[in-house]
Amino acid sequence: MATSTFNQRLLAWFDQHGRTNLPWQSNPTPYRVWISEVMLQQTQVNTVIPYYQRFIERFTDIATLATASLDEVLYYWAGLGYYARARHLYQAAQQVFHQYNGELPTDLKQLMQLPGIGRSTAGAILALAHQQRHPILDGNVKRVLCRYYALAGHPSEKVVASTLWRLAEESMPTKRIAAYTQAIMDLGATICIRRHPHCLLCPFQSDCLAHQQRQEDIYPSPPLRKPLPVKTTTFIMLQNEKSGEVLLEKRPPQGIWGGLWSFPECALPTDIPHWCQQYLQLVIYQYHPWQLVRHTFTHFHLDIIPVQVSLSAEQCKLVVFSNGFWYNAVQAPVYGLAVPVARLLTQLTSTGELLS
DNA sequence: AAGTCGGGGTC
DNA sequence: GACCCAGACTT
């Protein structure tokens, strides 16, 4: 079917059934669209909404974000995952603040130079905030196009990806770009959903190739997946038995939970006495392993053995630990904590859980 | 082209 | 449990 009919039919559907209450849809400034697009990378709308509202309230504009601390930005991001997004966002804000006078570029290539902004996110910012005619290619658009054209192969394959970008370009209307951009995402999010799509409500039900074949569920093709490897670690939960404070250390910027605060780690619980001797110059006689916690990432399982070590106030005074601080549950600082760390801290500092 | 980077929703 | 989600970046 002609692309003009494709996008007109989609826009007509959008006017009747599109979403209009998402927080970033009101007052869609480039900054607000940018924050929402980055938060929405690999993250579902309902998860993002409360984070977006807190973030925008605290960091109202680029200048506010650029002049805050990375620790505070990570604090507002903690729990959302993919923390490189927050670091990139922060770097980009500073770059825009200093190089572009606090205004996001309105040129696609300049936008894509900024850390954390790829082609799709750049296109979304320009289309949604500036009515510029650029395609996006997120998971929703990929799904809609793969089904509409019965496009086989996984979107990560180079041929499939380039075909999808071409189709995304050809599908765009010449007017109402912002509405169209939102419309194709809304269709993917509410009708053309991953499993059991609502084809009877779809504006394309008469010409979608996948639907004609009754094979909506096989598009897009899933990638080949290997079983996830299992890694293990031991969280050393050093606690001041008098004040309840717990020693945390900052994680390196690269790697898992980059820039967040976590417990010191060692390989096995039995390593703890030696670890305490080596790094804290403390002699430890006993420690208390908790039940194993499995935390699953995209590419591996992490089996965590949390081990509680109670220290006297006198011992704590002797501890010299660079890149660390004593976490106090009552006066918790504005630093980002990895989710399992936050959970364990809650257990550790709530009454009645001193030994378990 | 493959691997790295989270946490939660959903079935 | 397994799979996926408004992807980008590194190797």
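Start by selecting Arg-9 and Asp-207: their side chains meet in a salt bridge, N to O at 2.8 Å (a salt bridge is a side-chain nitrogen of Lys or Arg within 4 Å of a carboxyl oxygen of Asp or Glu). Arg-9 sits in helix 1 (residues 3-17), while Asp-207 is in the loop between helix 11 (177-190) and helix 12 (209-212), so the pair links distant parts of the chain, 198 residues apart. Helices (H or I, at least four residues) and strands (E, at least two) are DSSP runs, numbered from the N terminus.

A quick note before moving on. This is a predicted model, where local features need pLDDT of at least 70 and side-chain atom pairs count only at pLDDT 80 or more, while totals for chains, interfaces and linings use all residues. Residues are numbered from 1 along each chain as its sequence is written, chains are lettered from A and ligands numbered from 1 in the order in which they are written, and side-chain values use heavy atoms, with hydrogens and water left out.

Now colour that first pair by accessibility. Arg-9 counts as partly exposed at 28% relative accessibility, whereas Asp-207, at 16%, counts as buried. Here buried means under 20% relative accessible area, exposed over 50%, and partly exposed in between (1.4 Å probe, protein chains only).

Asp-186 is buried at 0% relative accessibility, and Arg-19 is partly exposed at 22%.

Next, jump to Arg-251 and Glu-265. Their closest N and O atoms are 2.9 Å apart, again a salt bridge. Look for Arg-251 in the loop between strand 2 (246-250) and strand 3 (261-262), and for Glu-265 in strand 4 (residues 265-266); the two are 14 residues apart. Arg-251 is buried, with a relative accessible area of 16%, and Glu-265 is partly exposed at 29%. If you search the whole structure, you'll find nine salt bridges.

Hide those and show helix 5 (residues 70-77) with helix 6 (residues 84-99). Their axes come within 10 Å and cross at roughly 135° (axes are lines fitted to C-alpha atoms, for helices over the stretch in contact, and angles run from 0 to 180 degrees between N-to-C directions). That makes helix 5 oblique to helix 6; angles under 35 degrees count as roughly parallel, over 145 as roughly antiparallel, 65 to 115 as roughly perpendicular and the rest as oblique.

From helix 5, Leu-70, Val-73, Leu-74 and Trp-77 meet Arg-85, Ala-86, Arg-87, Leu-89 and Tyr-90 of helix 6, where contact means heavy atoms within 4.5 Å. By class, the residues of this contact are seven nonpolar, no polar and two charged.

Then go to helix 9 (residues 139-148), which is mostly covered: eight of its 10 residues are buried. Among them are Val-141, Leu-145 and Tyr-148, as well as Arg-143 and Arg-147. The cover includes helix 1, helix 10 (158-171), helix 11 and helix 12.

Finally, zoom out to chain A, with its 15 helices and eight strands. The C-alpha trace spans about 75 × 50 × 35 Å along its principal axes, and 48% of the 356 residues count as buried.

Terms used:
Ala, Val, Leu, Ile, Met, Phe, Trp, Tyr, Cys and Pro count as nonpolar, Asp, Glu, Lys and Arg as charged, and the others, Gly among them, as polar.
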